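Here is a short walk through one protein structure, with attention to its aromatic rings. Please look at the sequence and the model first.

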Amino acid sequence: MSILFEEKKKIFTLQTQGTTYQMQVDRYGFLLHLYYGPKTNGEMDYLLTFADRGFSGNPYDAGEDRSYSMDALPQEFPCQGTGDYRSAAFLVKNADGSYGCDLRYQSHEIRKGKYAIPGLPAVYAKQEEAWTLEIVLKDPVTKVSVSLFYGVLPELDIITRSAKVEYAGGGTIYLEKVQSACLDFVSGEYDVISFYGRHAMERNVQRTPVCHGAQVIGSRRGTSSHQYNPMLILADREATEDAGSCYAMSFVYSGGFQGEVEKDQYEQTRALLGLQEECFSYPLQAGGQFWAPEVVLTYSKTGLAKLSQNLHECFRTHLCRGKYKDCVRPVLLNSWEASYFDFSGESIYRLAKQAAELGVEMLVMDDGWFGKRDDDNSGLGDWDVNEEKLGEPLGSLIEKINGLGMKFGIWFEPEAVNEDSDLFRAHPDWALRIPGRDPVRSRNQLVLDFSRKDVVDYVFEKICGVLDQGNIEYIKWDMNRSLSDCYSRNTCDQGRVMYDYVLGLYDFLERLLKRYPDILLEGCSGGGGRFDAGMLYYTPQIWCSDNTDAADRLKIQYGTSFGYPVSAVGSHVSAVPNHQTGRVIPFHTRGIVAMAGTFGYELDPEKLSEEEKQEIREQIAAYKKYAPLIHRGNYFRLTNPFAREVGAWEFVSKDGAEVLLQAVITQVHGNMTANYVRLKGLTEGGVYREQESGKVYAAEALMEAGIPLPIQMGDYRAYQMYFTRIS
Ligand code: GLA
């Protein structure tokens with residue numbers, strides 16, 4: 001059993017293979033956090049300290065004991081209003097206008113299997129793979145109760161958290177802040193690692209010491225955003241890729257979020273992750289309930305590589321779903337950078353034909369095939385095939401492409417609408433807009449009110465109408481702006497709209513998967529603007545960035561790898577000069593970089609030389625050979641491309657028998673020094689043969705001294721070495 005309850009001291013212990021998480025119901029019924037870290041068997045209530053601390057309030061029932069204060073004690077779900085003045089997980093505005101809540105332990109239940117969350121994505125597991133702990137906390141005065149859910153997946157070293165709020169009182173209360181997970185540390189000096197960026201340059205890595213004064217990341221955009229990723233890592237100051245303690249918190253949610261880390265007055269650290277609190281005010285009336293989205297927690301005592309691998313394995317095997325979850329995905333060619341809006345059925349067919357000859361397996365027709373859509377100023381919302389532009393019905397185009405032995409995929413942006421569209425002209429009130437105010441435009445488009453079921457129903461039917469026209473095997477689900485003007489005509493409680501919007505999005509995606517279980521979905525939001533664990537539940541791959549420049553991709557994919565599996569990273573070879581940067585990078589290098597993801601192309605093969613076409617054939621053959629290792633092996637970051645002129649990474653099969661090293665030297669210099677890359681994760685004492693050279697190496701030598709990357713002329717040279725263990 002992975003969840004234990006010790007009756008006498010009321011201590012809950014969650015055990016995974018390598019970690020322990022412990023909490024205690026104290027003498028007053030507060031749920032205190034005791035410990036999260038490497039596996040241990042003891043009771044950790046000795047860690048709590050009590051002292052009379054000035055200006056730190058005491059709960060009334062502590063009587064004259066001035067040493068008991070929520071302001072100093074580590075907690076599982078700190079509430080505003082209990083005398084804890086740190087950032088809270090839970091803030092309620094009560095029916096009488098007062099703020100605050102005082103939650104005390106009521107009951108608990110330990111169950112086999114992993115809890116699910118209605119309408120929201122969550123890690124799943126077979127009955128025998130997981131345990132659930134539900135702890136019910138209640139405030140008898142306000143009649144608010146909160147059930148904290150803990151999911152334990154012992155084999156994966158994963159603990160998940162979520163919370164359900166219920167209300168049984170009179171009038172209306174407003175949830176002003178609900179965070180899904182709180183990690184309180186009574187001691188320790190930590191760094192916080194977060195992932196910031198912008199459109200076409202997502203998930204840069206920032207590591208800073210946790211200090212006094214909160215460090216807050218988040219998104220107010222209604223999507224998880226390019227600007228900050230909904231994930232936080234807390235690491236010991238000395239922690240590296242290969243050593244030291246570190247913790248990850250990843251939010252399984254695709255809307256606005258907030259992550260906060262702060263050292264308090266007693267040098268204790270608190271980390272919170274959950275919904276964005278700005279503009280959030282969720283009403284509950286008697287009998288109402290609200291679910292906080294899930295947070296996935298994991299811990300590694302051997303550094304960041306293992307921490308990432310825990311998340312990769314969990315997301316790949318227990319969050320992604322569907323037919324393609326474990327399959328190597330079809331190699332695709334996407335029409336976007338090949339022709340943008342300027343195409344016809346004939347030119348799409350030509351692209352497909354050329355691509356098929358090179359070994360590509362699927363043609364994706366990107367934006368521009370519907371409504372009046374020859375640029376990005378009109379047509380969104382009108383999901384009717386533009387047969388005039390295509391020159392034929394969609395069905396017959398698909399048949400012809402299938403006839404080439406190719407699959408067919410298509411692009412949609414279901415959540416968006418242009419003012420210049422028939423849909424908007426018919427239903428101007430379906431867009432998020434504040435009455436009497438001109439809305440904020442972005443890419444000249446507005447956002448449909450997906451908090452409304454009638455809107456979701458309509459778009460769903462329209463899109464099914466397209467999908468039913470032929471054998472469509474892939475959808476790229478795009479979303480090309482941030483939300484604003486979040487006013488819905490369906491409610492007078494506008495503080496719920498952004499959350500309800502995300503529920504509407506998930507409802508749509510769930511219905512789509514039910515109706516078309518074999519379709520592969522790829523998420524996208526101007527590239528990686530909604531690259532989060534929530535989307536992975538529906539879309540097992542996500543277009544990582546609109547930036548296809550291989551040099552920038554080294555950094556973007558490096559940052560992404562901290563939280564997400566390579567099998568989820570949409571990555572394509574594109575033309576040069578690169579359309580986002582103007583940079584010219586060798587074809588071979590573009591191929592190696594794109595291989596660290598779901599491989600594909602985003603170019604017009606007609607414009608390539610014979611030599612390049614031959615290279616495509618070879619790249620696809622190599623990808624096919626290595627893809628199972630790339631997608632299912634353990635991923636190691638070997639260098640930090642932000643710090644070194646070498647980007648290097650590696651895939652090692654679970655049994656250590658196969659190793660694929662990929663590397664790019666971004667800059668050469670006169671009289672070049674050799675670049676050595678140290679391999680990781682090899683079988684100790686093993687002997688490995690490198691395939692191309694036939695050379696044999698001892699594992700320790702490769703891991704300790706490394707291997708020199710041959711010196712070559714020219715920037716951006718790529719290297720790929722495949723090793724097999726021979727003894
Ligand atoms: C977004 C996507 C691109 C492409 C365009 C189409 O920017 O990220 O890949 O699909 O939209 O408009």
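In helix 8, the buried residues are V497, Y499, D500, Y501, V502, G504, L505, Y506, F508, L509, L512 and L513; buried means under 20% relative accessible area, with a 1.4 Å probe and protein chains only. The model is predicted, so local features need pLDDT of at least 70 and side-chain atom pairs pLDDT 80 or more, while totals for chains, interfaces and linings use all residues. Residues are numbered from 1 along each chain as its sequence is written, and side-chain values use heavy atoms, without hydrogens and water.

Helix 8 covers residues 497-515; helices are DSSP runs of H or I with at least four residues, strands runs of E with at least two, both numbered from the N terminus. From first C-alpha to last, its 19 residues reach 27 Å, close to the expected 27 Å, which is 1.5 Å times one less than the number of residues.

The whole structure holds 49 aromatic pairs. Rings of Phe, Tyr and Trp (its six-membered ring) pair if their centres lie within 6.5 Å; planes under 30 degrees apart count as stacked, over 60 as edge-to-face and the rest as tilted. F450 and Y501 make a tilted pair, with centres 5.9 Å apart and 35° between the planes. Because F450 lies in the loop between strand 24 and helix 7, and Y501 in helix 8, this pair ties together parts 51 residues apart in sequence. F450 counts as buried at 1% relative accessibility, and Y501 counts as buried at 1%.

F460 and F508 form an edge-to-face pair, because their centres are 5.3 Å apart and their planes at 80°.

How values were computed
Buried means under 20% relative accessible area, exposed over 50%, partly exposed in between (1.4 Å probe, protein chains only).
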